[in-house]
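Colleague: Hi! Could you walk me through this structure? I'm still new to this.

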Amino acid sequence: MCLLGAALALTGCPNKGPGDTMAKVNGYKIQRSEVDKAFTKQTAGTPQKLTSEQEQNLRLQILQQLITLQLYLQKAEKLGVVATDDEIETKLNQAKAPYTKEEFAKSLQDVGATEDDYKQDIRRKLTIEKLFNKEIASKVTISNSDIQT
């Protein structure tokens, strides 16, 4: 049902503004602007223009990814496995290390992002990584005989 609503939202209603809610995930609203921003980021630097159908399909895929991401983040918060500010700063500094301040800012600008956007992406990735480690990796055991086989 959610995807049907998303598909209808993507096909467009000309009277709607850029702040339209495209999906709700347990109370969290995914706005059209969030999908637009992810679309711009994903298509930055693409040499050829997408057809209208390709663009709609990509936007629908992005919406599905944002829904899944939000479900993961909500589960992580419920379990108390969120990324700390120190972990985020460490990852940010590692990402910045090979660049000058100007080069790093330019690379973010090229994809239409800010440093705060990048930090938010890091926070999400680290939180989901922690969630997977807690929920999946911690429950996987491999015996010595399995390794030898």
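Colleague: Which side chain meets Glu89 in a salt bridge?

Modeller: The side chain of Lys119 does, at 3.0 Å from N to O. A salt bridge is a side-chain nitrogen of Lys or Arg within 4 Å of a carboxyl oxygen of Asp or Glu. Before going on, please note that this is a predicted model, where local features need pLDDT of at least 70, side-chain atom pairs count only at pLDDT 80 or more, and totals for chains, interfaces and linings use all residues. Residues are numbered from 1 along each chain as its sequence is written, and side-chain values use heavy atoms, with hydrogens and water left out.

Colleague: Thanks! Where do Glu89 and Lys119 sit?

Modeller: Glu89 is in helix α4 (residues 85-96) and Lys119 in helix α6, so the link joins distant parts of the chain, 30 residues apart. Helices here are DSSP runs of H or I with at least four residues, strands are runs of E with at least two, and both are numbered from the N terminus.

Colleague: How many salt bridges does the structure hold?

Modeller: It holds 10 salt bridges. One of them pairs Asp36 with Arg59, at 2.5 Å from N to O. Asp36 lies in helix α2 and Arg59 in helix α3, so this pair ties together parts that are 23 residues apart in sequence.

Colleague: What else does Arg59 form a salt bridge with?

Modeller: Arg59 also forms one with Glu55, and their closest N and O atoms are 3.3 Å apart. Those two residues are four apart in helix α3, which means about one helical turn separates them. Arg59 is buried, with a relative accessible area of 16%, while Glu55 is partly exposed at 25%.

Colleague: Let's turn to α2. Which of its residues are buried?

Modeller: The buried ones are Arg32, Glu34, Val35 and Phe39. Seen down the axis of α2, they fall within an arc of 160°, so they line one face of the helix. That arc is taken from the directions from the helix axis to the C-beta atoms.

Colleague: What follows α2?

Modeller: Gly45 does, and its phi is positive, near 85°. Asn26 has a positive phi as well, about 50°, although it is not a glycine. Asn26 is in the loop between β1 (21-25) and β2 (28-31), and it counts as exposed at 65% relative accessibility.

Colleague: New topic: what is the volume of the largest pocket?

Modeller: About 550 Å³. On a 1 Å grid over the protein atoms alone, a pocket is an open set of points where a 1.4 Å probe fits, with protein on both sides within 12 Å along at least five of seven lines, and lining residues have an atom within 4 Å of a point. The volume is the space filled by probe spheres set on the points, which are joined across faces, edges and corners.

Colleague: And which residues lie nearest its centre?

Modeller: Of the 17 lining residues, Ala38, Lys41, Leu66, Asp121 and Arg124 do. α6 gives the most to this lining, with six residues.

Methods
Buried means under 20% relative accessible area, exposed over 50%, partly exposed in between (1.4 Å probe, protein chains only).
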